[in-house]
Every structure is written in C-alpha cells, then in structure tokens.
Amino acid sequence: MSIATLPIPAAPRPRAAERKVFAKRKRLHGPQWFERNINVPVGSRQGLYRNQNNPAMWGVLDWSTRSHVRVTVLAKGIQIGGTLAFYGLLLREGEYTSDNALIVVADERTLKKLIKKRLQKMIDSSPSLSAIKSTNPDDTTMYSVTLGNGFTIEGGWASSEVSVSSESYRVVILDEISKYKSRGNIEDAKSRATVFPDTHKIWILSSPGIDTDDPENRDPLMVEAEACDVMLEFHATCPDCGKEQVMTFDRFGWPGQVNLEGQTEADPKAIRRNRSAWYQCEHCNSRWNDYKRDKAILASMKTGWKPTDGEEIERPQSVYFHFPAWLSPYVSLSEVAASWLEAQGDEEKLRKWHNRFAGVSYRSEKKALPHSTIMRLKDDRPEGLVPSVPIAAITCVADMQKRGFWYKVTAWGYGLQQESWLLKQGFVDSWDALKQIMFESQYQDIYGNNYSVTLRGMDSGGGEGEEHQDLSRTAEAYLFAAANPGVLLFKGRRRLSRLFNVTDIDRLPGTNKPLPGSAKLYTLNTTFFKDKLAAKLLVSPDDPGAYHLHKDTDEDFAKQMCVETKNEQGVWVCPKGKDNHYFDCSSMEMALIEIAQVKFWPEPGRPPGNEIKPQQHRKEKQRRW
C-alpha cells in the first residue's frame, strides 16, 4: 500500500474550552450584557440586574456603549445606581478586550475599598467574568486586577500624580471628581487614553459640588459637562395623560398642617413617614406618588433621554447626563421633599440637598440686600437728634483711608436688644477734624438734653487681605490713639476662634521706636460682627432691637450698607470698585459695644440689684423662654 493511499486520520475535535476561546463572540448591547452578568449586591431589588428596576439608567448604559461615544459624563444624585453602572461597563470591556483600564478616585483608601469590596465581588458574581478570572493570586492586588485574558484594571487617586500618569489606557474612569482635593491630575488621567484616538472610553461620574464664576474654583464636573457635545435630560411619560416632561423640583408638592398659631406649615417628619409628597404633571396636573413616578419613568425607559436644547447632533463623541435622585426608584419623592424642608435656613444642608438630590452644583445665591431695605429703617428724626428714650452710650467709629476718614455716630439703648439710632455720618479729611467729631461734638434730644460721644474706635489701617500695608498711616493711627486715651484700634480677621483678641501697643509699627503713650489694638472676628450686623438690618423698625436711621439718610449710605455679600466659603466680600465704608463702620460699632458690654450696663431707675450681669444672661434668657 502506498503512502498516498493511507487514510488520513480525522482531526480531533476541539474541546469545549478551546471552542469557547476561539469562537467569534458577538458583543452584547450594554443593557443586555448587564442583565446577564451583573448582580445587585444589596437592597430591595437584590439579585440579577433588571433594567426595569432602574429604567432611567438604560439610556446611560446604551449611550456609553455606542461606538462613536468617547466621553460620558454623569452628574448624579444619591442612590441612582451610577457607580454600579459605570464599573459594570468597565468589566464589560474586560470581557471583550485585553486592553488596560485606569480608575481614578479621590484618595488611596477609597481605591483599596473599591477593588476589594466592589470589583472583585462583581467579577466573582458574573458568569462571563468569573470564567476568565485569573487563577494567579498575583494578578489581584490592592491597586490592580488582571483577568485571564490579559485585561488589566489599575487604580490611581487624585492626590498622586504618579498613580495617574505612568501608562497608557484605553478605558479611563474618573470617579467623584467634585471631591478631588487636587484637581490638577484630571487632565493627566484623561490624556492616558490619547494613544487610542478611535476606541478609547472615558467615563466621568460624580455628585456635583460647589460651583463659582471663578475659573480657578469651578466645579470640575461642570467644566467637563460644558465641554460635551450633547447635554441630555430625561423626559418621563405621564401615566394619566401620556405626555412627556422633564421632572423639576418646582412641581413637587406636599401637605401642610395647622400649627398652634393657626398657620399652615409643612412637617418633614410626617411627610417622610406618610409618603405624602407628590409630583404634579405639568400638562394634566395629575399628582404622581412614588408608584406613578415609577410608571412614568418605566414608560420612557428607551426613549426618555433627549438633548436639553432639543437639537439633535449626529454621532456625538461626548455626552452629559443630568440624573437627579428623583428619577431613581430607590428614592422616594417624600424623602426629596422632606430633606428640602429640613435644609431651609441651613446653608450646608441646602448645599448637600442640591448636590445629593437635585444632582446640580450649588451656587451660593446670596445677593446683596436692595438698598430699599435699608431705607425703610428711617424714622422722622432729623440728623443729629437723639431719640427720646434712655440712652446708654453714643459711639463714634471711623474707617481710615489714605486721604481721610469715613465716620459714623450712633446712639444705643439699654438692654439686651441693643436698639440703636444713627445720629450722624460723613467724611472728614484730617486728624484734627476726626478728633473734633469724636471728642467735641454735642447732640441733643427734643428736651434740650446734651449728649457726647462715650465710646470711640477706628481701624488701624492696612486692612485684611491687602498685599502692602501703609505703615506710615498705621503709625499715625497708633499715635492718635496714644494721644487720645479711649480710642480703640481695630484690625480685622475673617477667621478667629474668639470674638476678639486684644494687644497692648507700645511701639510704632515696623520699628523699634517706643510709642509715646499707650494704645490697645483689638483683632476682630469680622465674620461674626458682620453676621450680627446683617441680622440687625433685617429687624423691622417697629420691633425691639431695630437699627434706626434718621430721616436725612441718603441712598449712598444705604448702598454702602448692603454692598457686601457672603461667598461660598462663608466670608463677607465687597465687589471691586464699590464703597463699603459705612458697612465697615457699622460692624466696628457692633464690636465696640460688645467689648464695652453695653448690653449689661444698668439702666437708671432700675431697682438696685436687678441689673443684668453677663453671667446671669443665659439663665434670664431661659426663664423668658
């Protein structure tokens, strides 16, 4: 028999594992892959992922896996499943490729927790991923995970430049970028995907933070959002009228209750307990409870995400999703409403509500008071007339400028209310004129009784936050105070643990020359005293403790009194080019009467022994309540 006629043995059939490796696999669509491979670890909907359990997330999974989308940005509220979604998308890439991926979180501790308690558990619970999990224990560390097919996930954190700039990655996740203490590494991390121009994926997710108009202090999430080609919002379909709408908080409602004074007010605890808040359809005015809200979101699961401006862009490369917490079935409408009510009057709680529930950056919208609010404090007294009430003290304070002094003279009543009456204000251009205002001026009431200034103060020059203090001007202030005993010198500090600190001055500033005489320099907690002043300006003229102005007060005074506002850091700031001299004088007045403890001075005619002492103040206040 010739070799040519020998039978050719049949090739052995490949084993199942070999067929699985070499078979051409079709990539599953993002939402479809999730339902086969992702398990929800905790909660009322624990178990295999189901898109209908979080319908609004379907569109995020869909858009993020489209071939033309390179960057996805998600501004999220709490409990929306965004973290699960993006890390699931990351692992989906791991099943189909052998590329590298980078995760950047806020700090090293968060990274270790993420890899150990989230990624490893997601891999173990996924049928597809567990099959390609590496058996080499060295492939799983505190900072990285490598699958059996070579796909490697490495971790970095925002404060470490080295951890985000060492390799190239096709997939990059930036998690909670609004919480990064160091934001300079964001661009470094994004640039790691540069070598994959047509296939890279960058996913950015975060609850928003504080945003400002200052380019150096912008919320990085909003910077990334504004750079996207398309900004998407979810349109829910009303289960009653069938019309679509974007759910906004201004259409939320809740019941009120009648309190002991007969007024209607909302009770956050009752709203949360009874699940009594609702959303009102903008088309048919039907009220959605949590059940109807879930139906409205589910009805728009695959069609709800639409461009904010309505303009469709063909094959956008970057998309932004605004995903407030009330789109999530895990968050009750009543929890949103109750948390809003509890946040009123508390700046920090209000910021957290905007970030965690509304999914938007918080901007401190504290606007300056309209000057009409100040003008309403005027009474019918002419300038210089002392009111016909018992007067405890008359203060004169001055705001020193390089070419003169803005000053303010005010009368103060007795008691804890600290009611006050403006007597005179203006500007003088010399030390002699200032001395005359402080020590020689006389004021009268309608009965002809004479009054003189009893408490005096002025700023010491230099001002907080200025780069160069005018030392010669400050030295002049020290000399003036030393030559005129009783004039207190003030210096402001925005952050101070106490209301004020006092220092004895015995030398001229910046020199070793002795001061001829003595003076006291008070470093003031300006934030506290300006807060106290701002509260005073809101007291009605008819109520105890009001801040009265004479009838000749002009609008320039009023504008200076309301020009300053508090910024996002809680610090009072004045716009550039605006005058705030009278506001500064008024805050120094508040400090002056606090230092002198005028509120505890005994009023003439009060029975001896019944005067209020500082240590008795708290007990007496408690008895009144």
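Are helices α2 and α3 roughly parallel or roughly perpendicular to each other? Before you select them, note that this is a predicted model, in which local features need pLDDT of at least 70 and side-chain atom pairs count only at pLDDT 80 or more, while totals for chains, interfaces and linings use all residues. Residues are numbered from 1 along each chain as its sequence is written, and side-chain values use heavy atoms, with hydrogens and water left out.

**First stop: two helices**

Select residues 30-37, which form helix α2, and then residues 57-64, which form helix α3; helices here are DSSP runs of H or I with at least four residues, strands are runs of E with at least two, and both are numbered from the N terminus. Their axes come within 7 Å and cross at roughly 115°, where an axis is a line fitted to C-alpha atoms, for helices over the stretch in contact, and angles run from 0 to 180 degrees between N-to-C directions. The two helices are therefore roughly perpendicular to each other, because angles under 35 degrees count as roughly parallel, over 145 as roughly antiparallel, 65 to 115 as roughly perpendicular and the rest as oblique.

To see where they meet, show Gly30, Pro31 and Phe34 of α2 together with Trp58, Leu61 and Asp62 of α3, remembering that contact means heavy atoms within 4.5 Å. The residues of this contact divide into 4 nonpolar, 1 polar and 1 charged, with Ala, Val, Leu, Ile, Met, Phe, Trp, Tyr, Cys and Pro counted as nonpolar, Asp, Glu, Lys and Arg as charged, and the others, Gly among them, as polar.

**Second stop: Asn37**

Stay in α2 and select Asn37, which is buried at a relative accessible area of 2%; buried means under 20%, exposed over 50% and partly exposed in between, using a 1.4 Å probe and protein chains only. Leaving aside neighbours within four places in sequence, Asn37 is in contact with Glu95, Ser125, Ser126, Pro127 and Ser128. The side chain of Asn37 makes a polar contact of 3.1 Å with the side chain of Ser126 and another, of 2.7 Å, with that of Ser128. A polar contact is a pair of N or O atoms within 3.5 Å; within protein, one must be able to donate a hydrogen and the other to accept it, and residues adjacent in sequence count only if both atoms are side-chain atoms.

**Last stop: Leu102**

Finally, select Leu102 in strand β4, residues 100-105, which is buried at 0% relative accessibility.
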